[in-house]
Amino acid sequence: MHALDVLGDPTRRRIVEELAEGARPAGDLAEVLHVEFGISQPAASRHLRVLKQAGVVESTVDAQRRLYSLRPEAVEDVAAWAQRISRFWNQRLDALETEVARGKAARRKTERNRS
């Protein structure tokens with residue numbers, strides 16, 4: 001499963017947003033998800049497991065708690081995908097800007113010819 005596949009779920013995106021601030025214990029993440037989405041601790045654990053299997057997060061054991069953090073490679077994959085998509089849109093927006101400028105120039109020319 002690819003990082004983008006698992007990030008389609010708003011709950012998992014929220015986990016990633018939390019982890020963007022730094023490593024967090026599973027319990028803290030479960031609490032955030034409970035408050036914001038009303039989901040249980042076992043459901044939060046399932047979301048964390050999906051993210052881990054997709055390579056988006058990694059976990060380490062610190063005494064009695066499990067800490068989760070983002071894997072930089074996964075973030076880089078998503079950023080590269082977003083950059084490819086933005087190039088597509090930037091080309092389209094540049095073309096639209098050119099057409100708008102042509103339309104404005106044509107209107108000015110028409111207005112000058114009427115005067």
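**Salt bridges around R71**

At 27% relative accessibility, R71 counts as partly exposed. The model in which this residue is described is a predicted one. The side chain of R71 forms a salt bridge with that of E58, at 4.0 Å from N to O. R71 lies in the loop between strand 3 and helix 5, while E58 belongs to strand 2, so the pair ties together parts that are 13 residues apart in sequence.

- E58 is partly exposed, its relative accessible area being 37%.
- R71 also meets E73 in a salt bridge between side chains, with an N to O distance of 3.2 Å.
- E73 is partly exposed as well, with a relative accessible area of 41%.

**Salt bridges elsewhere**

- Salt bridges with shared partners link R14, E17, E18, R24 and E36 into one network.
- The salt bridges counted in the model come to 8.

**The nonpolar core**

- The largest nonpolar core has 20 residues, and I15, L19, L51, V56 and V57 are the ones that touch the most other members.
- Two or more residues each are given to this core by helix 1 (3-6), helix 2 (10-19), helix 3 (26-37), helix 4 (41-53) and strand 3 (65-70).
- Helix 4 supplies the largest share of the core, with 4 residues.
- Leaving out residues up to four places away in sequence, L51 touches V6, L7, R12, I15, V16, V56 and V57.
- As a general background, nonpolar side chains tend to be buried together in soluble globular proteins.

- Helix 2 is mostly covered, since 7 of its 10 residues are buried.
- The buried residues of helix 2 are T11, R12, R14, I15, V16, E18 and L19.
- These buried residues pack against helix 1, strand 1, helix 3, helix 4, strand 2 and strand 3.
- T11, which is found in helix 2, has a relative accessible area of 8% and is therefore buried, as the cut-off is under 20%.
- Apart from its neighbours within four places in sequence, T11 is in contact with L33, F37, I39 and H47.

- Strand 1 (residues 24-25) pairs with strand 3 in the antiparallel sense over 2 bridges, and R24 stands opposite Y68 in strand 3.
- Strand 2 (residues 57-62) pairs with strand 3 in the antiparallel sense over 6 bridges.
- In general, the strands of a sheet pair through backbone hydrogen bonds, in either a parallel or an antiparallel way.

**The hairpin and A63**

- Strand 2 and strand 3 form a hairpin with 2 residues between the strands, in which A63 takes a positive phi near 60 degrees.
- A63 is placed in the loop between strand 2 and strand 3.
- The phi of A63 is positive, at about 60 degrees, although this residue is not a glycine.
- A63 has a relative accessibility of 67% and therefore counts as exposed, the cut-off being over 50%.

- A nonpolar patch on the surface is formed by W81, I85, F88, W89, L93, L96 and V100, which together have about 670 Å² of accessible area.
- L96, one of the residues of this patch, lies in helix 5 (residues 72-114).
- D94 also lies in helix 5 and, at 46% relative accessibility, counts as partly exposed.
- Between D94 and A82 there are 12 residues of separation in sequence and 18 Å in space, C-alpha to C-alpha.

Notes: Residues are numbered from 1 along each chain as its sequence is written. This is a predicted model: local features need pLDDT of at least 70, side-chain atom pairs count only at pLDDT 80 or more; totals for chains, interfaces and linings use all residues. Side-chain values use heavy atoms; hydrogens and water are left out. A nonpolar core is a set of buried Ala, Val, Leu, Ile, Met, Phe, Trp, Tyr and Cys residues joined through side-chain atoms within 4.5 Å. Buried means under 20% relative accessible area, exposed over 50%, partly exposed in between (1.4 Å probe, protein chains only). Contact means heavy atoms within 4.5 Å. Patches are made of residues with over 30% relative accessible area and no salt bridge: like charges are joined within 9 Å, nonpolar side chains (Val, Leu, Ile, Met, Phe, Trp, Tyr) within 5 Å. Accessible areas come from the Shrake-Rupley method with a 1.4 Å probe; for residues, only the protein chains shown count as cover. Two strands pair if DSSP finds at least two bridges between them.
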